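Here are my notes on the model, written for someone reading a structure of this kind for the first time. Please keep the sequence and the 3D view open while going through the points.

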Amino acid sequence: MRNSALYPKLALQNIRSSRKFYLPYILALLGDVAAIYIMSALVNDPGVENITPGHPNGYMYVEMFMTIGMFIAFLFSAIFVLYINGFLMKQRTRELGLYNILGMGKRHIAMVLIFETLYIGVLGIGGGFAVGVLLHKLVSLLLHKVMNMPVPFGFYISWSGMAQTAVLFAALLLITLLCNLNKVRASKPIELLHSGNAGEREPKTRWLLTLLGVVSLGGGYGIAIKTRTGVEAIMMYFVAVFLVIIGTYCLFTAVSIFVLKALRRSKGFYYQTSHFIGISGMLHRMKQNAVGLANICILCTMVMVMLSGTLSLYLGTAEIVQQMYPGDLNFKVRYFPVTEAGEAPFDPAAMLAAQTGFVEEQGYAADNVRTSSSLEFGVGQLADGSFTTDRFAAGTSGLVVYVTCITESDYTTLTGKTLGLSAGEIAAYNAPGDALTIHWTVPKEGRELSTDTFPIVHKLTANPVFSAMITQMLTIVVPDEAALFSFWEKQSAVYGDSASIRWSAYLDVDGTEEELRDLAAGYENAIEDPSFYEGTGSWERCTLNLRLDGAADSYGLAGGFLFLGIFLGFIFLMATVLIIYYKQISEGYEDKDRFEIMQKVGLSREEVRSSIRGQVLTVFFMPIAVASIHIVFDFNMVEKLLTLFSLHDTFLTAMCTLGTVLVFFAVYGTVYVLTARTYYKIVERRH
């Protein structure tokens, strides 16, 4: 009985005496549990399912983003917890060896470790649930605020979310316990007792690893720089990320050793007190240091990329909505310019009169009325830069290019700019070369009907039209309706009945949100009367979209991305801080004896502090310096990825990236100050 009571007491005493190590670990576990519970509770909250009208995709977005967030957060938490557990066991090997020498068998040590894990689980998981329940409503307010959705009423506790989170983290802690027990089982007492004194041999300069790092990093940077479209970015982004991660690990491991040895060969630099201690200390532990520094660098990059990208998308949503929905009411009609015998052609003026007439009959004025026509079809790009309507023919890149053709008058309406195009000339966005060649080929048959080549007299830097298609965009501006009709004739020859033209009308109405919804509902009721469209001619279909519905959907998507970026960014930042903290504590205890000896032989406190400052500065700011270089090269790919969401504001993206980097530097600098102080307290010998 006394032995059974000894184990929990000894385990509790161990945690108390080593609280400098265990408290951050428990707090990190608590934070991870709280984060995953909150995301689970947001998915299961019944109030979220009852999003008010105008937010039809609201619950879908919440569920999608929180599910993705839970997966990423738990995966990262597992890696992080295992990493910290390995550090804690390394610090405790001497203690466990002493227990064994004093008569405790491995079975008894195992019982102590089991109770320690139980205490950590109760504090971490239980505390995480308490914090999660308290913060759930606050996080819900933030989420629905950034997603521009109404906040669900009531207080909700997700018992299923608690059960799911508890099972996940209990399994994770069980894995760490099994790893610890296996380490104790496989170790000899004398090895445990002296493992803390085991040093590392001086690492060799590994040229092959250095070459691999240079090639990998160069490849990743090259992909990032050469990416020209959003489709290329989404296809190659993770390839580039993988190469940069490999290159980062290789360069920190190999190149850092080369640099330190080069500095050591410089006698004028090396034989200075601060330089000698810092370089010699880092060189003999560089294998261990390199992995930690690379981890910090990659985490810093992830945080800054996520926050800058999602913030850019969120702040640019207003512009995107204006581009997607130019009017409060947006009508779109699909029609065929040539009709069958006995059918009247589509009459845009009559259609516009019917739409504006309905608005006026309801007591509203239709202001700022605009119309436009466009032709849309897909093509494949050939190796010589020309395009073919046989999209997947041999010799194409395999990517479908989405072509939109508009008239110059509509371009002027959309942008306020004039081009002065003559017959046979075009302006183009995202077209290679100074001329555009299209092979009008029947898909799947390979039968080419004709080929047209148009000189591009204006290369547009911004896309004048919006498209929700996640593909490469090519926009063509032609002089007039006749040229647009000519394109349609050729399109119709290869595509048959699937070729049509889209006519759009945009109306602004001075009404409240409720009045606009009532107006749209009234329109849907009115068109059930067959006489409503009388005199408008022949057309395929007509749809009405409200800008406020589009804005709700767009802000829901962008806000979800921003929230997920902030949430995961916070978790990654917490991990970064703790990795640095544990790294500095570990090195502090390893350096303590060495500094005490040096102080005994005459090293002053100022010399100790100067040496520490140089070493800690190197450890801290090398990762963030490399991360900043990663951000610079990654900017092009992030910008191209954002074009898939129709965000083309490079200046906004650049400012968000710069602001994120500066804020992160400020946070990082604060962590440096705190960590340097902790490290100094450990290694400085007190008199």
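1. Basis. This is a predicted model, in which local features need pLDDT of at least 70 and side-chain atom pairs count only at pLDDT 80 or more, while totals for chains, interfaces and linings use all residues. Residues are numbered from 1 along each chain as its sequence is written, and side-chain values use heavy atoms, with hydrogens and water left out.

2. Overall. Of its 687 residues, 50% are buried, where buried means under 20% relative accessible area, exposed over 50% and partly exposed in between, for a 1.4 Å probe and protein chains only. Contact means heavy atoms within 4.5 Å. Among contacts between residues at least 6 apart in sequence, 83% join residues at least 24 apart.

3. Strand S9. Residues 501–509 form S9, and 9 of its 9 residues are buried. In a regular strand the side chains alternate between the two faces of the sheet. On one side of S9 are Ile501, Trp503, Ala505, Leu507 and Val509, on the other Arg502, Ser504, Tyr506 and Asp508, and all are buried.

4. Partners of S9. Two strands pair if DSSP finds at least two bridges between them. S1 (residues 329–335) runs antiparallel to S9 and is joined to it by 7 bridges; here Phe331 stands opposite Ala505. S2 (residues 366–382) also pairs with S9 in the antiparallel sense, over 8 bridges. In this pairing Ser372 has Ser504 as its bridge partner, and Ser373 has Trp503.

5. S2 is largely enclosed by the rest of the structure, because 12 of its 17 residues are buried. S2 also pairs with S3 (residues 387–388), antiparallel and over 2 bridges, with Gly380 opposite Thr388. The two strands form a hairpin with 4 residues between them, and Gly385 in the turn has a positive phi of about 95 degrees.

6. Helices H2 and H5. Two packed helices are described by the angle between their axes and the distance between the axes. Axes are lines fitted to C-alpha atoms, for helices over the stretch in contact, and angles run from 0 to 180 degrees between N-to-C directions. The axes of H2 (residues 19–44) and H5 (residues 106–146) come within 6 Å and cross at roughly 45 degrees. H2 and H5 are therefore oblique to each other; angles under 35 degrees count as roughly parallel, over 145 as roughly antiparallel, 65 to 115 as roughly perpendicular and the rest as oblique.

7. Helices H14 and H17. H14 (residues 348–361) packs against H17 (residues 513–526) at an angle of about 125 degrees, with the axes 11 Å apart. This pair is therefore oblique. Gln355, Phe358 and Val359 in H14 meet Leu519, Gly522, Tyr523 and Ala526 in H17.

8. Thr227. Is this residue buried or exposed? Thr227 is buried, with a relative accessible area of 3%. Thr227 lies in the loop between H8 (207–226) and H9 (230–265). Leaving out residues up to four places away in sequence, Thr227 touches Glu232, Ala233, Asn636, Met637 and Lys640.
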